[in-house]
Amino acid sequence: SIISAGDISSFCLTKMCKLFKAEPVDNLYLSTWGERGVCLKKPVNRGDVVLSIPISSCFRDDEPPSWYGSNNDNIINNSDEEHDITDYERYNPSAWASRLAASLLDMELINNDPNDDDDNNQETTTISNDNNDDLKLGREIWHSMLPNKDRLRASLPVHWGEEVLSTSKCTALELAVDSAYFARATAVMALSEELQMALDCTEDEMLHRKCVADALDIALDMEMLQQKCHDALDIVQTRACRVERKCEDGIQWGPPLRILAPIFDFINHGSGRRTYNGGEEGSANAAFTIENERMCDMHDAKLVVRAMRDIAEGEEVLIDYGNSARPAWRCLTSYGFVPEYDVELGVNGEEREEEEEAQNAENVAELWMNGLRFEVDPHSVPYDLVEVAATQALFDRQDDDDKFGDNVEDPLLVGSGGGMFTPVVARAIAKRATEAAFHLITEPEITDEEEDWDDPEFVHSASLAALLRWSQHKVLLAFADNLKLFASSHLSGEEAE
């Protein structure tokens with residue numbers, strides 16, 4: 001019989017569950033349609049465990065390799081010493097991504113020798129000693145199942161060229177990329193220099209290892225080394241999660257912990273928001289938390305995913321990635337994909353008043369009016385936008401004295417209740433939003449060479465930019481439709497009176 005790629009992936013997933021001591025061992029498999037995700041072999045009831053994996057099986061940002069952020073002298077001899085967590089430079093809260101990336105690089109370039117047998121390993125010392133054979137094998141399998149590095153790179157706007165980035169027609173994305181670009185460049189430079197020093201320090205020891213040739217070639221080529229650092233940071237950016245260090249009584253005893261949790265990181269995103277009318281739920285059916293955590297002790301702690309509702313056999317497990325995945329441009333910046341958000345999803349009622357407006361909407365689109373930029377969602381209108389539209393309406397009327405004489409009722413006041421947001425203003429904003437929506441779906445000109453379109457990575461990046469435009473297009477159309485509905489209903493009410 002023919003073994004499919006899905007069978008192989010599911011076998012590897014079950015094998016990883018055993019190696020990482022994750023539970024349940026045999027109830028998960030990887031989907032083979034669309035974006036690879038985690039599905040259930042058997043149904044899980046609301047509140048039951050979908051996946052539980054020990055924190056000790058994860059990469060932790062507070063456990064970087066010994067060569068990272070420290071003096072590389074005598075690094076081999078000091079590899080077993082406890083890390084000093086009061087060392088701010090080494091455990092800087094803003095450098096958590098670099099620490100996790102260092103752990104990945106340590107596994108891939110320094111502490112990876114698949115050809116060594118047990119006898120040779122007894123005499124070989126590496127930068128990071130890991131005596132847990134199951135954990136090491138599990139991480140190797142996990143690493144082999146990660147996305148293609150070139151495709152992942154093409155998914156993240158921080159790597160896009162200026163021309164592809166401009167085709168997204170999203171100012172917020174461009175600003176986010178500008179900020180991320182310099183932060184990434186700084187992290188790569190520092191990480192590559194430390195890694196090169198680590199490889200140089202261990203050269204004598206590594207000369208006896210069969211895998212040393214590749215490592216030394218990389219160490220001698222700084223450009224290649226920096227690319228390896230970019231690849232590691234891409235994985236961390238798109239797959240790491242944040243967990244709080246809290247006791248059972250809810251008291252936080254330490255800074256947030258960032259981890260890379262194998263198996264868990266294959267679970268895809270789904271919105272946890274309800275529709276505005278409070279009816280239909282979002283697509284997320286599970287949520288994660290840390291359990292068995294004690295004050296200053298995470299030895300027995302586990303990352304646990306529990307069902308938020310009954311999940312059927314064969315159904316994909318989805319968790320909400322949080323505010324880093326909304327709106328769509330931020331999700332693309334953070335994770336390299338454009339989510340299919342329902343324009344009806346969002347925060348409703350009292351919750352909406354308690355949160356910042358920018359975080360309420362599931363998705364937003366930018367709207368330019370009179371040279372000013374606004375972010376809008378289908379169910380709210382920024383006050384500043386109303387002011388601009390109302391002012392423009394006043395200027396427009398003043399140009400036609402015959403139409404708006406002293407004895408003619410001011411149309412800006414019809415249905416206003418004394419406010420500026422009138423049917424006339426609503427229609428003016430709706431007209432501008434409709435124009436902007438159709439501008440987004442006009443194909444932008446790309447002057448790159450024809451051979452670029454033969455490059456699958458370039459095509460993938462351009463496709464993601466187009467998906468973001470389409471996402472913004474749908475938001476603006478829904479926004480305009482709701483404004484027209486508001487205007488019509490208020491004018492109808494005035495006529496009825």
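## A guided tour of the predicted model

Select cysteine 58 to begin: with a relative accessibility of 2%, this residue counts as buried. The structure on the screen is a predicted model.

**The cysteines.** A search through the whole structure for disulfides finds zero. Cysteine 58 is accordingly in no disulfide, and the nearest cysteine sulfur, which belongs to cysteine 241, is 7.5 Å away. A disulfide requires two cysteine sulfur atoms within 2.5 Å.

**The whole chain.** Now display the entire chain as a cartoon. Its secondary structure comes to 16 helices and twelve strands. Of the 497 residues in the chain, 47% are buried. The chain exposes about 25,700 Å², of which carbon and sulfur atoms supply 48%.

**Confidence.** Next, colour the chain by pLDDT. The mean over the chain is 79, and 72% of the residues reach 70 or more. Where is confidence lowest, and where is it highest? The lowest mean, 41, belongs to helix α3 (residues 118-123), and the highest, 96, to strand β3 (residues 49-54). Select residues 113-131, where pLDDT stays under 50 and the model has 30 contacts beyond four places in sequence. Residues 206-210 also stay under 50, with 15 contacts beyond four places in sequence.

**Helix α11 and its end.** Select residues 328-335, which form α11. Is this helix mostly covered or mostly open? Helix α11 is mostly covered, with seven of its eight residues buried. The buried residues include Trp329, Leu332 and Tyr335.

Continue to glycine 336, in the loop between α11 and α12 (349-354). Just after α11, this glycine takes a positive phi of about 85°. Glycine 336 counts as buried because its relative accessibility is 7%, and the cut-off for a buried residue is under 20%. Which residues does glycine 336 touch, not counting those up to four places away in sequence? They are Ser155, Leu156, Cys331 and Leu464. Select threonine 238 as well: the C-alpha atoms of glycine 336 and threonine 238 are separated by 7.3 Å, although the two residues are 98 apart along the chain.

**Two cis peptide bonds.** Move to proline 327, in the loop between β10 (318-319) and α11. The peptide bond joining arginine 326 and proline 327 is cis, with omega about 0°. Then select proline 24, in the loop between α1 (5-19) and β1 (28-30). The bond from glutamate 23 to proline 24 is also cis, and its omega is near -10°.

**Salt bridges.** Side chains of opposite charge can pair when their charged atoms come close. The structure holds 15 salt bridges. Select glutamate 108 and lysine 228, whose side chains meet in one of them (3.0 Å, N to O). Glutamate 108 lies in helix α2 (residues 96-110) and lysine 228 in helix α10 (residues 222-239), so this pair ties together parts that are 120 residues apart in sequence.

The side chains of arginine 239 and aspartate 265 meet in another salt bridge (2.5 Å, N to O). Arginine 239 belongs to helix α10 and aspartate 265 to the loop between β6 and β7, so the parts tied together are 26 residues apart in sequence. Arginine 239 is buried, with a relative accessible area of 13%, and aspartate 265 is buried at 9%.

Return to arginine 326, whose side chain meets that of glutamate 362 in a salt bridge (2.9 Å, N to O). Both partners are buried: glutamate 362 has a relative accessible area of 1%, and arginine 326 has one of 4%. Finally for this topic, select Arg60, Asp62 and Glu63, which are linked in a network of salt bridges.

**Positive phi beyond glycine.** Select isoleucine 263, in the loop between β6 (252-260) and β7 (268-269). Isoleucine 263 is not a glycine, yet its phi is positive, at about 80°. With 1% relative accessibility, isoleucine 263 counts as buried. Lysine 169 also has a positive phi, near 55°, and is placed in the loop between α6 (162-166) and α7 (171-201).

**A surface patch.** The last stop is Phe438, Ile441 and Trp470, which form a nonpolar patch on the surface with about 310 Å² of accessible area together. Tryptophan 470 is in helix α16 (residues 456-496). Is tryptophan 470 buried or partly exposed? At 44% relative accessibility, tryptophan 470 counts as partly exposed.

Note on methods: Residues numbered from 1 in each chain as written. Heavy atoms only, no water. Helix = DSSP H or I, 4+ residues; strand = E, 2+ residues; numbered from the N terminus. Buried < 20%, exposed > 50% of the residue type's maximum accessible area, 1.4 Å probe, protein only. Contact = heavy atoms within 4.5 Å. pLDDT = per-residue confidence, 0-100. Patch = residues over 30% accessible without salt bridge, like charges linked within 9 Å, V, L, I, M, F, W, Y side chains within 5 Å. Areas by Shrake-Rupley, 256 points an atom, 1.4 Å probe, with all protein chains shown as cover. Salt bridge = Lys/Arg side-chain N within 4 Å of Asp/Glu carboxyl O.
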